[in-house]
Amino acid sequence: MVLLMGVLADAAVTVDASRIAAPPEPLPFAAGGRSPGGHVLAINSRYLLLDGKPWFPVMGEFQYSRYPAADWEREILKMKAGGIRIVSTYVFWIHHEEIEGQFDWRDRRDLRRFVELAGKHGMYVWARVGPWDHGEVRNGGLPDWVLQKSATRQNDPAYLKYVQRFYGEIGRQLKGLFWKDGGPIIGVQIENEYHERGPGRGEEHILTLKRMAREAGLEAPFYSVTGWDDAAVPAREVIPVFGGYPDGFWYRALTPLPPSPNYFFTPIRCEENVGDDLCSRRADMDRKYASFPFFTAEMGGGMELAYHRRPLMSADDIAALDVVKLGSGVTLYGYYMFHGGTNPQGKQTTLQESQATGYPQDLPVKGYDFQAPLGEFGQMRKSFRDLKAIHLFLQDFGADLAPMTAYFPAKTPSGKLDRDTPRVAVRAGVAGAFLFVNSYQKDYPLPRQTEFQVQVKLATGIVTVPRQPMSLPGGAYTFWPVDLPVAGTTLEYATAEPLCKLENPDTLVFFAWPGVPPDFAFRDTGAVTIEASEARLEREHGAVYISGLRPGLDTAIRIRNQSGHVTRIVLLSRDQARNIWKAPLAGRERLILSPADLYFEADRIHLAATDPALLTFRVLPGLEQPVPGFRHTGQEGVFDRYTAGVEPVAAEPVVRQLSEAGQAAPVKMGQEVALAPAEAAFDAAARWSIRVPDVKSGAVGDVFLRIAYQGDVARIYAGKHLITDDFYHGAPWEIGLGDLPAAAWKQGLELRILPLRQDAPIYLASGARPVIPERGQVARLIQVQVVPEYQVVADLGR
């Protein structure tokens, strides 16, 4: 029995998780399946199972037709290194049959090859086959000719005939690649954001599409539909999936949005159902979804830009959502987007969403970066590293977390404007629990929580976390273990975040959140010996308390059992945790600590960095043989350090202004929001010629152009070819040049910046709007940098 530990503060939050939830129930329809190799996928009312064990995968959207086919494999490996297990991808109809009857499955439209590459590297695939997808694509992905020939998104005979042909083509492309065939496809999403009602619509239409998909050979263990926007969800046929974003380009407001409900712990799955008082607006819908597991497919991995509304995302905006949704009960975490891209060249039109085609807003013609963890050109962003830390936890602890039920305090925030009430939740099961804490809210900084303490009531007793009240900094979002079995004893709690673990040597890795003292409390049973060097160790009330730990690369705590086996705990700083990677290498699972961008291929570590000094790695456990091309430069704590000797190269662009900006015309309004400038408006753009030195070599694998500017819309051309474009939003613009044809390196590029008028009715985040004189405009090029990306490979198998 756990005892009440510590002194309870007057302001302590109490979470009662003492009532163990009933076992999960089967879904009311058949789902799951067995592969030819004997592996079994299953699902119940709370979570997925793989080979009979709870499974908590992470899913990330990467749209193959928005990325060069030659680079797919590398990008899939980056996603895998970041902890993604399922690649979801839209199959945009208009990308494949823009002209009626002329299907195109070549090059970047080669769906089959994309799925094969995912399967080659042990990734699963969730195919989102529409026929209407959205994805900020022209007509939501429907070809123009379909709109001209039939009604859409309903059981119209003409429409269904065209859909049947489209599904049939997908089925032929994917033949033999489904789970039942030994392939990687485990899920199919039907339609998207579908809430039509009436004869031939609603659930009837979803059921028709599912039947047609199966008849076309799209037979997967799981079928899903999006569950938000009062969606049509047949109760006995499909699994609803949910989403939530830090901000939205689709909102009409030209001001910061009210506090998002996605930063509050809540069992409500549809964010639009959360009222200002944080109570549900649709209890009937909550009851409808309660018998399904809480899966997400569209948690914001960033946010795209619309012409009228241009949110600026930070890594915290994105990563805090993970912690909140995990604490709220999610058991499949899916991102939209995890990888940005670029719209392909259309055969008849451009392929972006626009008001000209009847949609609510204008999107960039080419760019679809989404400020995602992996950018439009594969750049690894800070958000990638923050999310990777959470994904590492789910890889090693997800089987424990998935069956755990979410519990919430009796006293929760009174509404979206409540900045003072602590935001906490507990996931608890038969053995152990995790306490989730959030003091982050996008655009609305939360204050420091003084006297912060949580009393967790479990079936086995009560744990007070921490034993003495602490000060929780604003902006923190983290989770802590409670009553967790560890190395033959019980970790009553830790105020450090679990990151991952190794089996050989037996190692648990935690990290300390900045401003949060990393304390550990173990049950003192006498069955193990607990040691902590350079820390304070106290025994009281049947527990061993360890405080005063300093994060670093050494062993912080040793737990020795009676047979002499030692489990060590390594406590990292948050910055060090961001740089942790994990992969099977040279016959063993290893931790890699590196500030470089990594991905793994067999026993090879691919390292990339824009600063060659970052091409280093530390490894645990150590290696028995030298690594070609790297110097072993000693040991740091429990890690061995290796360094590559790569010299930087000089890369200065030649920039010449070709013309000044003309006077921009007043911004025109659409039905509700501003219209993006027409092509003719770019006659007023300021123009520059940019010549980039060809510095690609054995050590330089890619080259980026980083442009700091102020204006309205920027475009970069190679000759007459539009490479990509950007709506100014206050962040530097990065363009990957790795796939440029040779002629473009010789002839140079052309940059055009359309002036931003002072009176332009657009939303820019705080601090992003330039200072513009009244009735003035700005089109300013601040800096152009050529940024080589240095790449080396550490082959641990040689």
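This report walks through some salt bridges of the structure above.

The model is predicted, so local features need pLDDT of at least 70 and side-chain atom pairs count only at pLDDT 80 or more, while totals for chains, interfaces and linings use all residues. Residues are numbered from 1 along each chain as its sequence is written, and side-chain values use heavy atoms, with hydrogens and water left out.

Side chains of opposite charge can pair when their charged atoms come close. Here a salt bridge is a side-chain nitrogen of Lys or Arg within 4 Å of a carboxyl oxygen of Asp or Glu. By that rule, the count is 50 salt bridges.

| Pair | Closest N to O |
|---|---|
| Glu-298 and Arg-128 | 2.9 Å |
| Glu-191 and Arg-153 | 2.8 Å |

Glu-298 is buried at 5% relative accessible area, and Arg-128 is buried at 2%. Buried means under 20% relative accessible area, exposed over 50%, and partly exposed in between (1.4 Å probe, protein chains only).

Glu-191 pairs with Arg-153 through a salt bridge. Glu-191 is buried at 1% relative accessibility, and Arg-153 is buried at 12%.

Finally, a network of salt bridges links Asp-71, Arg-74, Glu-75 and Lys-78.
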